[in-house]
Amino acid sequence: MRFPGIFTAFSNILLGFFIYSEFVVDWFNLFPLLAASGFLFLAGMTLNDYFDYNIDKNERPNRPLPSGKISRKVALCLGITLFVAANISASFVGFQAVMISVIMTILILAYDIKLKNIKTIGILNLSSIRFLNVILGSSIVLFNFDIIWISIPIAIFVAGISILAKTESSIYLRKVKITNLIFVLFTISYVVVLIHDKGSIHWLILGMFVVVNYLPWMVIKEKSSMTTQKIVTIQLLSIPILDAILVMAFSNVIFAVVTLSMIFPAYVALRKLYLT
């Protein structure tokens, strides 16, 4: 499993959750939402490896399934169990959370089984899942259209990462790099519109996000699939920064710090486990 990525899913949930939390944290709803998101993420990764078994035997033979550390049957049972656990967790929050969780389950399964092989639709699918993950976090209140506009930059950014990730096992492509940077630019431009009337600290964190996403492209000179994998990893780890900017803009600084802190467990886990 690409376990380090689970913390970027958590930061999406915190974005949606904190925007409607003001200064009071409803722990009885937060924990089920985090659990639902985490289980969905792990289920998706597990079944993705299950369906990619033959590809990974050639391209990533050291992964748990092709190396024989975990059998395909166990992976299938684990993936199904995680999906069930995700939807049960969402049920503790309410009907709205369950409906979003069920839709995410369907989208994740569709991606793992078929849509990942259809480039544009697959990328749109992944982007939609991340978008819904933020909406899932906001399901503690009745659906509000404001959360849609706040979730859009997450969807744009993830689409850019997904375009890049599609080539991580192949050769380095300049046009893919340019496309990824355009999506990052769209993301930053959208966030600028959202925070244009906020305080200077918002711009400071946005500057951090810009540096994290553009600097590696300039610093890493090697043009190989390894370069692509490194950039994908860095951009995935920067998702909590993007979430934190939006939490700060529409909630408060303390919640933004909590959201940003998801970077640290992700980074620690990355030292032992793979992310892409």
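Student: Why does Q235 count as buried?
Tutor: This is a predicted model, so every value here is computed from predicted coordinates. Q235 has a relative accessibility of 1%. Buried means under 20%. Q235 therefore counts as buried.

Student: Where is Q235 found, and with which residues is it in contact?
Tutor: Q235 is in helix α10. Leave aside neighbours within four places in sequence, and Q235 is in contact with F157, I161, L164, N180, V184, N213 and W217.

Student: What makes S238 buried rather than exposed?
Tutor: Again, the accessibility. The value for S238 is 1%, and the cut-off for buried is under 20%. S238 therefore counts as buried. S238 sits in the loop between α10 (225-237) and α11.

Student: What joins the side chains of S238 and N213?
Tutor: A polar contact of 3.3 Å joins them. The limit for such a pair of N or O atoms is within 3.5 Å. N213 is also among the residues in contact with S238 beyond four places in sequence, together with F157, F209 and V212.

Student: How do you know how α8 and α9 run relative to each other?
Tutor: Take the crossing angle. The axes of α8 (residues 174-195) and α9 (residues 200-219) cross at roughly 180 degrees and come within 11 Å. Angles over 145 degrees count as roughly antiparallel. So α8 and α9 are roughly antiparallel to each other.

Student: Which residues make that contact, and how do they divide by class?
Tutor: From α8 the list includes K177, N180, L181 and V184. From α9 it includes H202, W203, N213 and W217. The residues of the contact of α8 with α9 divide into 13 nonpolar, four polar and one charged.

Student: What is the direction of α11 relative to α12, and how do you know?
Tutor: The axes of α11 (residues 239-250) and α12 (residues 253-260) cross at roughly 170 degrees. The cut-off is over 145 degrees. α11 and α12 are therefore roughly antiparallel to each other. Their axes come within 8 Å.

Student: Which residues of α11 and α12 are in contact?
Tutor: P240, I241, D243, A244, V247 and M248 come from α11, and V253, F255, A256, T259 and L260 from α12. By class, the contact has nine nonpolar, one polar and one charged residues.

Student: Which residues of α12 are buried, and what places them relative to one another?
Tutor: F255, A256 and T259 are the buried residues of α12. They cover an arc of only 105 degrees around the axis, so they lie on the same side of α12. An α-helix has 3.6 residues a turn, so residues three or four places apart point the same way. The buried residues of α12 pack against α1 (6-19) and α11.

Student: What caps the N-terminal end of α12?
Tutor: N252 does. One of its side-chain oxygens lies 3.1 Å from the backbone nitrogen of I254.

Student: Why is G94 called partly exposed?
Tutor: Its relative accessibility is 24%. Buried needs under 20% and exposed needs over 50%. G94 falls in between, so it counts as partly exposed. G94 is found in the loop between α4 (72-91) and α5 (95-113).

Student: How far apart are G94 and S139?
Tutor: They are 45 residues apart in sequence and 8.0 Å apart in space, C-alpha to C-alpha.

Student: Is A159 buried or exposed, and what decides?
Tutor: A159 has 8% relative accessibility, against a cut-off of under 20%. A159 therefore counts as buried. A159 is in helix α7 (residues 146-165). Not counting residues up to four places away in sequence, A159 touches I123, S127 and F183.

Methods: Residues are numbered from 1 along each chain as its sequence is written. This is a predicted model: local features need pLDDT of at least 70, side-chain atom pairs count only at pLDDT 80 or more; totals for chains, interfaces and linings use all residues. Side-chain values use heavy atoms; hydrogens and water are left out. Axes are lines fitted to C-alpha atoms, for helices over the stretch in contact, and angles run from 0 to 180 degrees between N-to-C directions. Helices (H or I, at least four residues) and strands (E, at least two) are DSSP runs, numbered from the N terminus. Angles under 35 degrees count as roughly parallel, over 145 as roughly antiparallel, 65 to 115 as roughly perpendicular and the rest as oblique. Contact means heavy atoms within 4.5 Å. Ala, Val, Leu, Ile, Met, Phe, Trp, Tyr, Cys and Pro count as nonpolar, Asp, Glu, Lys and Arg as charged, and the others, Gly among them, as polar. Buried means under 20% relative accessible area, exposed over 50%, partly exposed in between (1.4 Å probe, protein chains only). A polar contact is a pair of N or O atoms within 3.5 Å; within protein, one must be able to donate a hydrogen and the other to accept it, and residues adjacent in sequence count only if both atoms are side-chain atoms. The arc is that of the directions from the helix axis to the C-beta atoms.
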